[in-house]
Structure formats: C-alpha cells, structure tokens
Amino acid sequence: MMETAFQRTMEITEGFLKPMVDAFREEMPPPFEEFGHLYAAATAENVARYQDIAAAMVDSRRKVALFEFGLVPQPFLAFGCAALCLETYPLFFTRTSMDTVYDFIEAAESAGVSSEICSTDRFLIGAAVKGELPGNSFFVTSSSPCDGTHVAYPILQKMFESPMLYLDAPYRYDRDAVRYYAGQLKEQLIPFLEGVTGKRLDIDLLREVVEESNRAYEHLCDVHDTYKVVPAPHNGFLRLVPYLLYISGAGHPGTTHTLKLLRDDAVRRVKEGRTGGPFEERHRALWVHVTPTFDLELFQWMEEQLGAMVVSNSLSSSAILEPIETESLESMLEGIAWQGLDMTMSIMRYDTEKLIQFSLNTYEDYRCDCMIVTQHVGCKSICGAQGMIRRVCREREIPVLFLEMDYNDDRVLSKEMLRNQLEDFFTTVME
Ligand code: SF4
C-alpha cells in the first residue's frame with residue numbers, strides 16, 4: 001500500500017532526532033559528556049536537511065534533487081533545490097528504524113528485484129514502492145559506481161515518471177577524465193536543471209554556494225588531518241560525521257558551521273595534547289569500504305573492549321583535498337566534477353589496483369596497523385577484490401580481517417556475530 005511521501009522520514013526527524021538534539025546538549029551520557037555539543041550540532045544539522053526537503057516538496061518554486069554518489073549538492077543548491085544524496089538515505093533508517101529497512105527491502109523483493117542486488121538499491125526501490133521517496137523531485141544519476149545502481153535508477157524513473165538525467169562517469173582518474181565529466185555538467189546537467197526548475201543558471205549564486213562549500217571543505221580536510229594524530233581526537237562514531245555532513249549539505253551555511261565546530265574542537269584537543277580517551281588507543285584500523293551502519297554502538301564497543309580505533313573509512317577520505325576554483329563557470333564545474341568523482345562509492349568505479357592503492361595510501365597516512373574489509377553481499381566490486389587485497393596485505397604484512405555481511409541489513413550477519421569476529425581478530429592476530 002502506498003503511504004504519504006516522506007511521512008516516515010519526517011516522523012523520525014520530528015519525533016526522534018529533534019528531541020535528541022536537546023538530550024545530547026543537556027544530558028549526554030558518560031563517558032562522552034564533553035562531546036555532547038558536537039553530537040547535538042550534527043544531529044540538528046541532519047534535522048535541518050530533512051526539514052528542508054519536506055519544505056521543498058510543498059513549495060511550487062522549488063524542487064527536490066535526488067542524486068547519486070558521483071555528484072555533490074552544490075549545483076542543486078544553486079538552483080534553489082533541496083538535495084538528497086539517495087545512497088545516504090538507507091543510513092537514516094538503519095540508525096533509527098530497522099523495521100523500516102526490512103519493510104523496504106522486502107517490498108523491493110516482492111516487486112521482483114533480485115535479493116542479489118545491493119541492499120542500498122533494494123532499499124531505494126522499496127522506498128519508492130512504499131511511496132516514501134519525496135515528491136516534487138527529479139533524479140540525477142551517473143554510470144558510477146556499479147551495476148546495482150544501473151538496475152535501480154531506470155526502475156525508479158519508471159515508477160516515479162520523474163525527470164531523470166544520466167551522466168557518464170569516466171573510468172579513469174586524471175585531468176582529462178575530469179574535464180570530460182565537467183563537460184557533461186555544463187552541456188547536460190545545467191540545461192536539465194534549467195528545464196526542471198524553470199530557472200536560468202545564476203553564476204553568481206553558484207559561486208556563492210561553491211565558496212560556502214569551500215569553507216566547509218577546508219574544515220573537513222582539517223578535521224580529517226587531526227585523526228592522523230596518535231591517539232586520535234574524537235571517538236569513532238564522531239569521526240564518521242564530518243564526511244556525511246559534507247556530502248549531504250556542502251554549500252549550506254549550517255553545514256559549514258557544524259564542520260567548523262568539529263574542526264575547532266579537534267584542533268584544540270591536538271594543540272592542548274588532549275586527544276586521548278576516554279578509552280586507550282592500542283590499535284588503529286582502516287575500514288575498507290562501508291562500516292556496518294546498523295550497529296550504532298559498534299565503535300564505542302571496539303574502543304572500550306578491544307582498544308581498536310577505526311580512524312578512517314577508505315571511502316570517506318576525499319582524495320583531492322583542494323577547494324574548488326571559483327574563477328569561471330568551467331573551473332567551478334571542473335572542481336564539482338572532481339569532488340563528485342571522489343565521493344565515497346564513486347571511488348568503486350576504479351580498477352581494483354587503483355582502489356587498493358588508494359586504500360594503502362590512506363592506511364599509511366592515518367598510521368594504521370590493520371585493515372578490516374567489508375565484503376558487502378551484493379557488491380561485486382568489493383567482493384571481487386578480496387583476492388587481490390589479501391595478496392597485497394600478505395606482501396606488506398598488513399593484518400587484515402574480511403567480514404562477509406550486509407552493511408544495511410543485520411539479518412545477513414548479526415551484531416553479535418559481527419562483534420565475535422572482530423573480537424577473535426583483535427585478541428588473536430593483533431595480540
Ligand atoms: S556497495 Fe557496491 S553494489 Fe552497493 S552501491 Fe556501493 S558500489 Fe554499488
């Protein structure tokens with residue numbers, strides 16, 4: 001049965017996340033009391049983004065841009081749209097309502113989608129089947145990163161009968177490839193956005209949004225740099241926040257403000273030599289691919305019980321680390337293209353050797369002593385890379401744990417089984 005669009009999302013936003021903002025601020029539970037204001041700010045920013053989407057759904061002058069990894073919010077904000085990166089949408093529910101996750105995944109499978117398809121895509125199709133995806137919207141997607149998204153987006157377009165733009169993400173990672181992609185942003189994305197919004201591109205407004213995102217990007221890079229300090233400031237859960245904020249809200253002043261709070265706090269701790277705690281850091285892990293999103297307390301448990309810090313997730317350390325040049329439309333689109341192609345799973349479009357090299361660079365940068373690699377069922381890219389990753393880790397004597405699971409769905413590998421495998425690894429291989 002079709003439900004009212006975005007209803008469950010807004011019920012959770014208003015009924016659960018909003019009260020959490022005050023709870024974090026006023027009574028953050030131990031041992032993270034001194035981080036309560038950071039949790040509160042990040043949650044408030046999350047609330048603001050979802051409220052903005054709900055507002056745009058009922059505003060005839062605005063649209064909701066549903067976009068995929070391979071793009072960033074800035075071009076959509078420059079046309080007055082609210083923006084939702086669809087691949088982050090399951091995360092909203094895996095952290096707040098697993099029943100909804102099961103419901104949407106089962107709705108997609110009942111509609112005929114194979115259970116072999118990535119659960120992110122099954123979730124999104126199920127959300128569409130159930131009528132949860134926001135209306136007054138359009139889609140922008142690309143050939144990056146995988147065949148799962150190639151299956152999902154044409155289905156979504158048929159179900160929604162909404163405008164959809166497909167872009168061709170280059171396979172290579174060099175300047176010519178980025179210019180090829182930026183050319184499509186100019187020749188296809190901008191005319192498409194002009195068509196769906198009825199507005200002409202205002203280059204000054206685009207520059208304003210990009211400059212705002214540049215400020216946020218600098219904070220993002222700074223805060224990530226502080227995680228290279230041993231022991232690292234902030235706990236594992238907080239360390240996930242900066243990147244998620246950026247990908248959801250780059251160009252919003254609120255996102256910049258929240259990233260600045262995180263950055264200032266982390267930098268102050270480094271300067272004052274107060275990066276340690278509340279638990280002793282004995283190991284630093286690079287988590288390759290996506291960490292399980294259904295176990296909110298996993299990082300705290302790993303830190304407290306195993307002394308193991310996940311200092312970086314290889315898909316959330318943006319690769320270019322440079323702000324966008326705002327001199328001309330072309331330079332802005334090239335910078336937006338770099339960022340889009342660097343974003344999270346977009347990196348999965350690389351050939352496996354590059355993906356491994358990217359992970360090894362992150363491993364060195366963050367001074368890790370082990371790797372944990374998600375073998376996400378349904379993701380041929382990361383599962384297919386297992387043999388090569390194992391060989392490279394053997395050659396370099398990097399201890400590595402492969403975890404077969406579904407990062408959205410704890411029915412494949414439960415929290416308990418997940419923790420058992422981590423405990424075995426850290427109490428045997430890493431002891
Ligand atoms: S996890 Fe793999 S299959 Fe799923 S969206 Fe990412 S790249 Fe595609």
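These legends accompany close-up views of a predicted model.

**View 1. The whole chain.** The protein chain has 17 helices and 8 strands. Its radius of gyration is 21 Å, close to the 22 Å that the globule rule gives for 431 residues, so the chain is as compact as a globular protein of that length. Along the principal axes, the C-alpha atoms fill a box of roughly 60 × 50 × 50 Å. Of the 431 residues, 48% are buried. Among contacts with a separation of 6 or more, 74% join residues 24 or more positions apart.

**View 2. The packing of helices α5 and α6.** Two packed helices are described by the angle between their axes and the distance between the axes. Here α5 spans residues 98–110 and α6 spans residues 119–129. They pack at an angle of about 85 degrees, with their axes 7 Å apart. The two helices are therefore roughly perpendicular to each other. From α5, the contact uses Val 101, Phe 104, Ile 105, Glu 106, Ala 107, Ala 108 and Glu 109. These meet Ser 119, Arg 122, Phe 123, Ile 125, Gly 126, Ala 127 and Val 129 of α6. By class, this contact has 9 nonpolar, 2 polar and 3 charged residues.

View 3. Residues around the ligand include Cys 118, Thr 120, Pro 145, Cys 146, Gly 148 and Thr 149. Met 345, Met 348, His 376, Gly 378, Cys 379 and Ser 381 also surround the ligand. The shell has 6 nonpolar and 6 polar residues. It has no charged residues.

**View 4. Two cis peptide bonds.** Pro 30 and Pro 31 are joined by a cis peptide bond, with omega about 5 degrees. Pro 31 sits in the loop between α1 (7–27) and α2 (36–57). Another cis bond runs from Val 230 to Pro 231, with omega near -10 degrees. Pro 231 belongs to the loop between α9 (203–226) and α10 (236–249).

**View 5. Positive phi at Phe 6.** Phe 6 is a residue other than glycine, yet its phi is positive, near 65 degrees. Phe 6 lies in the segment before α1. This residue is buried, because 22 other C-beta atoms lie within 10 Å.

**View 6. Positive phi at Arg 367.** Arg 367, also not a glycine, has a positive phi near 55 degrees. Arg 367 is in the loop between α14 (352–365) and β7 (370–376). With 14 C-beta neighbours inside 10 Å, Arg 367 counts as partly exposed.

Conventions
Residues numbered from 1 in each chain as written. Predicted model: local features only at pLDDT ≥ 70, side-chain atom pairs only at ≥ 80, totals over all residues. Axes fitted to C-alpha atoms, helices over the stretch in contact; angles between N-to-C directions. Helix = DSSP H or I, 4+ residues; strand = E, 2+ residues; numbered from the N terminus. Parallel < 35°, antiparallel > 145°, perpendicular 65-115°, else oblique. Contact = placed C-beta atoms within 7 Å. Nonpolar A, V, L, I, M, F, W, Y, C, P; charged D, E, K, R; others polar. Rg over C-alpha atoms; globule rule 2.2 N^0.38 Å. Buried ≥ 20, exposed ≤ 12 C-beta atoms within 10 Å, placed from the backbone. Near = placed C-beta within 6 Å.
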